[in-house]
Amino acid sequence: MEAAHTHDHAHGHDDHAHHPTGLMRWVTTTNHKDIGTLYLLFSLTMFFIGGLLAFGIRAELFQPGLQYWEPEFFNQLTTMHGLIMVFGAIMPAFVGFANWQIPMMIGAPDMAFARMNNWSFWLLPPAAILLVSSFFVPGGAPAAGWTIYAPLSTQMGPGMDLGIFALHIMGASSIMGSINIVTTILNMRAPGMTLMKMPLFVWTWLITAYLLIAVMPVLAGAITMVLTDRHFGTNFFNAAGGGDPVMFQHIFWFFGHPEVYIMILPAFGIVSQVIPAFARKPLFGYASMVYATSSIAILSFIVWAHHMFTTGMPAAGQLFFMFATMLIAVPTGVKVFNWIATMWKGSMTFETPMLFACGFLFVFSMGGFTGLVCAITPIDIQIQDTYYVVAHFHYVLVAGSLFAIFSGTYFWLPKWTGHMYSETLGKAHFWLSIVFFNITFFPMHFLGLAGMPRRIPDYAMQFTDFNMIASIGALGFGLAQLLFVAAIVKCARGGEKAPANPWEGADTLEWTLPSPAPYHSFVTPPVIK
Ligand code: CU
């Protein structure tokens, strides 16, 4: 290597043209590991921006009355918190995991479309800048909720246009990422790696990628119709012009419900890697896990109107969407059963990844049960737009998606950095997170059942106690996340060298495969042998 280097210099070649360093290395990289790292760092940044907005929400709700924000700005806070966490934090984190792990798990040298992979990522920072900068235009950021319901969204200021443009770009990024993942998995598996031998994380991402390809264009259609209603004189969602605002909800939730599975299926995949590793047993019911994941994905397309029970619907429609929704509990139950059966009589240890996986199982299941409660039409009509719903989806998205992201991060950090993370920091992060998570969100069930509406900055006196508890919990949960950053930074900077198989029992492919040498520029694309 040294000799080749000297030789190049002797002939006047600029080595750096082929191997950019510093910032240019990251801008031009086509290596799946670099791009995975970029996705994960982007996600972490957006997680803290979204978290800051959540602090803004909880500060205002600490007491009744209006303390800090105008009601209009409070709506911007809740909307932007949702958009940033969904599209900026959770989804890119899973794509980051996919980039890092899928090639290694199936024995491929890189992603199928290495240059498009670079483009998929680098679309995200401009989209994030557009989205966040909407706070600074006249009228402020989008304030119609993360669901950007018409007719509110068709009538707001220019911040909504920035939001729509940002969503379009992030959607394009997701579609490209998904095409890349599907092609990689279907075409680049090592000899002998049949579909039914793939690690479950790969399976869940294959199914998720199909979901994304199916529904991101639906979201794009919906927000394009909002855009033409706003600027080009169409009346898709304007009743006065013959349109129908409820149609927006149908189109949005045809995207929106599969979207919630896009945010949880890769989490199922991570947990399905972590639990067998720390139980020192193969995953129980592998095939049934694949079929359950597929069933959940298919069912997710026929339940969208459970978000719309109060918009007026024939009883037959209400019954259909109620029962279809409840049906999803069956394959989900199969999964939970399989995870527990995997642990049964295993030689279990509880390092940080396993703690987060167990935390996921326990708390995500609670979110699943409250989901069943929400699915029952007559109950949903009572709790529609209350804090019960907020409690439900935070149990699913924070204790579900986010805890799985934490679990996967600690699980694969030794593989990614070559060093072991600090178990002390990791365990402190886990225990503070799970305690403060419940302090924040459990009281919201009571608030919702008592009738407190969501997305409102003020509330009646009787809701004060639970809101104070929730706000204190949110502060603790947010501060606990600094331990996550500390653990990552410490691990990236050095520490005990990670052995080839740190968990003594995880024998899936990615722990034993030698990684192919990285290629970092457009000049020398990956060579697939
Ligand atoms: Cu739904």
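Predicted model: local features only at pLDDT ≥ 70, side-chain atom pairs only at ≥ 80, totals over all residues.

How many cavities of 30 Å³ or more does the structure hold? There are two. The largest cavity contains about 70 Å³ of space. Its lining is made up of Tyr39, Phe87, Met91, Pro92, Val95, Leu124, Met170, Ser173 and Ser174. Two elements, H5 and helix H9 (159-187), each give two or more residues to this lining, and H5 gives the most, with four. By class, seven of the lining residues are nonpolar and two are polar, with no charged residue.

The second largest cavity has a volume of about 30 Å³. Around this space are Met91, Phe94, Val95, Trp205, Leu212 and Ile262. Here H5 again gives the most, with three residues, and helix H10 (200-231) supplies at least two. The lining consists of six nonpolar residues, with no polar and no charged ones.

Let me now turn to the second largest pocket, which holds about 550 Å³ of space. Of its 28 lining residues, Thr37, Leu40, Leu41, Trp416 and Ile488 lie nearest the centre. Helices H3 (22-28), H4 (32-60), H5 (71-106), H18 (387-417) and H20 (464-493) each give two or more residues to this lining. Which classes do the lining residues of this pocket fall into? They divide into 19 nonpolar, five polar and four charged.

Note on methods
Residues numbered from 1 in each chain as written. Heavy atoms only, no water. 1 Å grid on protein atoms, 1.4 Å probe; cavity = no way out; pocket = protein on both sides within 12 Å on 5 of 7 lines; lining within 4 Å. Points joined across faces, edges and corners; volume = space filled by probe spheres on them. Nonpolar A, V, L, I, M, F, W, Y, C, P; charged D, E, K, R; others polar.
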